[in-house]
Amino acid sequence: MTRTTKIAASAAFLLTLLVGVPVLINLTGRTDFYYTLTSVALLSIISAGVWITFYIGRINIGQGAYALMGGYVSAILVTGYGVSFWLTLPLAGLFCAAASVLIGLPILRLRGVYFAMISLVLTEVARLLALALPITNGAKGIVSIPLPGEISLFGLTIIPDFSTLANPRLAFYIVAVLLMALCFAGLYRLSRSRIGQLCQSLQQNEELASSIGVNIAYLRVIAYAMSSFLGGVGGAMFAAISQSIYPSSFTVADSVNFMLNCFLGGLSYVFGPMLGTFVLYFGWDLLFETGRFQLLIFSSVLIALMLVLPNGLLSLSLPKRKGNGVPARKKGVEA
């Protein structure tokens with residue numbers, strides 16, 4: 001596939017999401033799907049952060065902690081200090097990135113299995129902190145978060161005040177899709193950049209990478225910071241959509257699902273988290289009619305898919321290309 005073809009295909013996909021999907025939803029009258037699809041887009045962004053840590057050969061089971069922190073940072077700044085939501089969006093990501101640097105500096109020097117074990121408890125630690133700290137309002141959480149306000153430049157309205165819109169769900173959907181497109185375009189570019197190739201070398205053979213002068217600790221921390229940044233941004237958007245944030249908004253189960261999204265879509269593909277999120281989200285809903293067997297069937301199907309397609313669903317039709325993501329399983333993530 002040529003560069004022009006890739007750009008055309010990406011543009012067509014984005015146009016379908018921004019124009020075709022809203023038209024279809026309006027024709028069917030199912031405006032509730034805006035919230036559903038917005039959630040899928042945001043979950044894929046958070047899962048993309050987990051994919052970055054897989055890219056350096058580390059299993060991240062703590063992304064829910066950064067989504068929770070990002071949601072609280074945005075909510076506190078908006079409700080407590082009157083900061084514009086649009087400004088809190090990058091601030092939430094930066095706060096999470098800074099926190100991940102402090103956490104990652106000591107634990108990223110450990111072998112992968114220890115990092116996975118420590119990251120597993122991060123979400124629960126974040127939840128307990130949210131329960132204990134006065135600024136987070138404990139178990140009551142933060143509610144009645146105002147909808148995003150207007151952004152104007154030289155008197156020209158760039159983004160309208162969401163509270164004045166007849167259907168703010170559509171506005172949230174458009175913002176989420178644009179953020180998702182920006183996120184995965186950035187990941188695609190990263191995977192083909194020099195730093196991306198260096199990160200990939202860590203996943204293949206850390207000793208060899210170190211022997212040729214690669215600063216392993218530095219790259220690990222940078223990748224983990226980028227991962228946490230995406231988690232914080234996704235959490236902040238979720239807080240804005242629901243206009244509330246609670247200690248239970250993101251749990252350990254969410255962190256596990258973020259990891260599963262990457263496995264299901266394909267670790268070797270940049271767009272694996274996007275497809276994995278879509279399949280996991282709607283697959284769970286489709287099995288709702290099975291009642292008490294829902295979890296059993298769901299987990300069995302997931303295990304079967306991972307056994308039959310260890311490189312994810314995208315391996316069915318997309319040939320693996322150099323630099324397209326994490327290398328094949330035989331060079332896989334350190335356990």
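Because the model is predicted, local features need pLDDT of at least 70 and side-chain atom pairs count only at pLDDT 80 or more, while totals for chains, interfaces and linings use all residues, and side-chain values use heavy atoms, with hydrogens and water left out.

**The whole protein**

Show the cartoon first: the protein has 12 helices and 4 strands, where helices (H or I, at least four residues) and strands (E, at least two) are DSSP runs numbered from the N terminus. The radius of gyration is 20 Å, close to the 20 Å that the globule rule gives for 335 residues, so the protein is as compact as a globular protein of that length; this radius is taken over C-alpha atoms, and the rule is 2.2 Å times the number of residues to the power 0.38. Along the principal axes, the C-alpha atoms fill a box of roughly 55 × 55 × 45 Å.

Colouring by burial comes next, and here buried residues make up 46% of the 335 residues, with buried meaning under 20% relative accessible area, exposed over 50%, and partly exposed in between (1.4 Å probe, protein chains only).

**Asn60 and its surroundings**

Select Asn60, which sits in the loop between helix 2 (32-55) and helix 3 (63-81) and counts as buried, at 0% relative accessibility. Its side chain reaches the backbone nitrogen of Gly62 at 2.9 Å, a polar contact being a pair of N or O atoms within 3.5 Å; within protein, one must be able to donate a hydrogen and the other to accept it, and residues adjacent in sequence count only if both atoms are side-chain atoms.

Which residues is Asn60 in contact with, leaving aside its neighbours within four places in sequence? They are Val50, Thr53, Phe115, Ser119, Tyr224, Ser227 and Met259, where contact means heavy atoms within 4.5 Å.

**Arg58, in the loop between helix 2 and helix 3**

Move to Arg58, a residue of the loop between helix 2 and helix 3, which is buried with a relative accessible area of 1%. Draw a distance from its C-alpha atom to that of Gly138, 80 residues apart along the chain, and the separation is 32 Å.

**Ile222, in helix 9**

Finally, select Ile222 in helix 9 (residues 216-242), which is partly exposed, with a relative accessible area of 28%. The C-alpha atoms of Ile222 and Ser193, 29 residues apart along the chain, are separated by 14 Å.

Key
Residues numbered from 1 in each chain as written.
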